[in-house]
Amino acid sequence: CSSDLDLVTIVGGKAAPLGMLKKELNLPVPEGFVITTEACQLFLEQNALIRPIRDLLRDLTPADLAGVDEVSQKIRAMILNARIPQELGDAMKEAYDSLVSGIKPGLPRGIAVRSSAIPEDGRYSFAGQFATVLNVTSKEAFFRAYMKVVASSFNENSLTYRLHRQMGFQETDMAVLRLAMVPAC
């Protein structure tokens with residue numbers, strides 16, 4: 001249905017099905033929240049990164065592995081050195097505090113920070129290509145993990161995968177999912 005499609009464009013291909021599992025089927029899904037694709041857009045716009053990223057991606061070809069590597073390094077460095085806009089940072093802090101305070105006593109206080117790109121886990125899998133940061137236990141680490149996951153959208157594997165499938169590039173198609181860590185035992 002179109003509302004499911006709309007949800008994927010906002011929260012990505014991993015978060016949307018998890019939300020549906022929890023909401024519609026009442027299945028046990030760890031507590032969490034999503035930093036949307038619109039937030040990614042704001043992050044990139046406020047740091048004036050969209051045009052430089054597009055310029056770097058423009059002439060890439062799948063045969064030019066050295067070029068893909070160079071472009072990947074440049075884009076990821078730009079993202080990792082950017083600043084989270086105040087508006088987004090405030091919302092992220094509030095959501096982080098709420099999530100951490102809701103973790104039951106005795107359970108790990110860390111959270112998992114995961115990718116939820118629009119094309120991920122749909123027609124294209126991107127399996128293992130984007131960053132996941134586990135056991136994030138502070139707001140500062142949470143912010144760094146967010147930028148690391150956004151930057152991973154431009155790692156060498158992801159860029160090559162997109163080029164070989166002629167997917168094109170949408171720099172803001174990354175949402176980032178935050179989930180409470182679940183004990184493995």
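Here is a quick tour of the fold, the core, the surface and a few residues.

Tutor: One note before we start: this is a predicted model.

Student: Fine. How many helices and strands does the protein have?

Tutor: The secondary structure comes to 7 helices and 4 strands. From the N terminus on, the elements run α-β-α-α-α-α-β-β-α-α-β.

Student: What percentage of the residues count as buried?

Tutor: Of the 185 residues, 44%. The accessible surface comes to about 10000 Å², and carbon and sulfur atoms hold 53% of that.

Student: Now the core. Which residues touch the most other members of the largest nonpolar core?

Tutor: Ile35, Phe43, Ile79, Leu88, Val113, Phe142 and Tyr146, out of 46 residues in that core. Helix H6, residues 139–152, gives the most to this core, with 9 residues.

Student: Take Phe142. What is Phe142 in contact with, leaving aside neighbours within four places in sequence?

Tutor: Phe142 contacts Phe33, Ile35, Met92, Tyr96, Ile111, Val113, Val136 and Arg178.

Student: Switching to the surface. Which residues make the nonpolar patch of about 250 Å²?

Tutor: Leu21, Leu25 and Leu27. Leu25 sits in helix H1, residues 2–25.

Student: Is Leu25 buried or exposed?

Tutor: Leu25 counts as exposed because its relative accessibility is 55%. In soluble globular proteins, nonpolar side chains tend to be buried together.

Student: And Pro30, where is that?

Tutor: In the loop between H1 and strand E1, 32–35. Pro30 has a relative accessible area of 30%, so it is partly exposed.

Student: What does Pro30 contact, beyond neighbours within four places in sequence?

Tutor: Leu179, Ala180 and Val182. Also, the C-alpha atoms of Pro30 and Arg178 are separated by 9.5 Å, though these residues are 148 residues apart along the chain.

Student: Last one, Thr160. Which helix is Thr160 in?

Tutor: H7, residues 156–164.

Student: Why does Thr160 count as buried?

Tutor: Its relative accessibility is 19%, and the cut-off for buried is under 20%, so Thr160 counts as buried.

Student: What lies 2.9 Å from a polar atom of the Thr160 side chain?

Tutor: The backbone oxygen of Glu156.

Conventions. Residues are numbered from 1 along each chain as its sequence is written. This is a predicted model: local features need pLDDT of at least 70, side-chain atom pairs count only at pLDDT 80 or more; totals for chains, interfaces and linings use all residues. Side-chain values use heavy atoms; hydrogens and water are left out. Patches are made of residues with over 30% relative accessible area and no salt bridge: like charges are joined within 9 Å, nonpolar side chains (Val, Leu, Ile, Met, Phe, Trp, Tyr) within 5 Å. Accessible areas come from the Shrake-Rupley method with a 1.4 Å probe; for residues, only the protein chains shown count as cover. A salt bridge is a side-chain nitrogen of Lys or Arg within 4 Å of a carboxyl oxygen of Asp or Glu. Helices (H or I, at least four residues) and strands (E, at least two) are DSSP runs, numbered from the N terminus. Buried means under 20% relative accessible area, exposed over 50%, partly exposed in between (1.4 Å probe, protein chains only). A polar contact is a pair of N or O atoms within 3.5 Å; within protein, one must be able to donate a hydrogen and the other to accept it, and residues adjacent in sequence count only if both atoms are side-chain atoms. A nonpolar core is a set of buried Ala, Val, Leu, Ile, Met, Phe, Trp, Tyr and Cys residues joined through side-chain atoms within 4.5 Å. Contact means heavy atoms within 4.5 Å.
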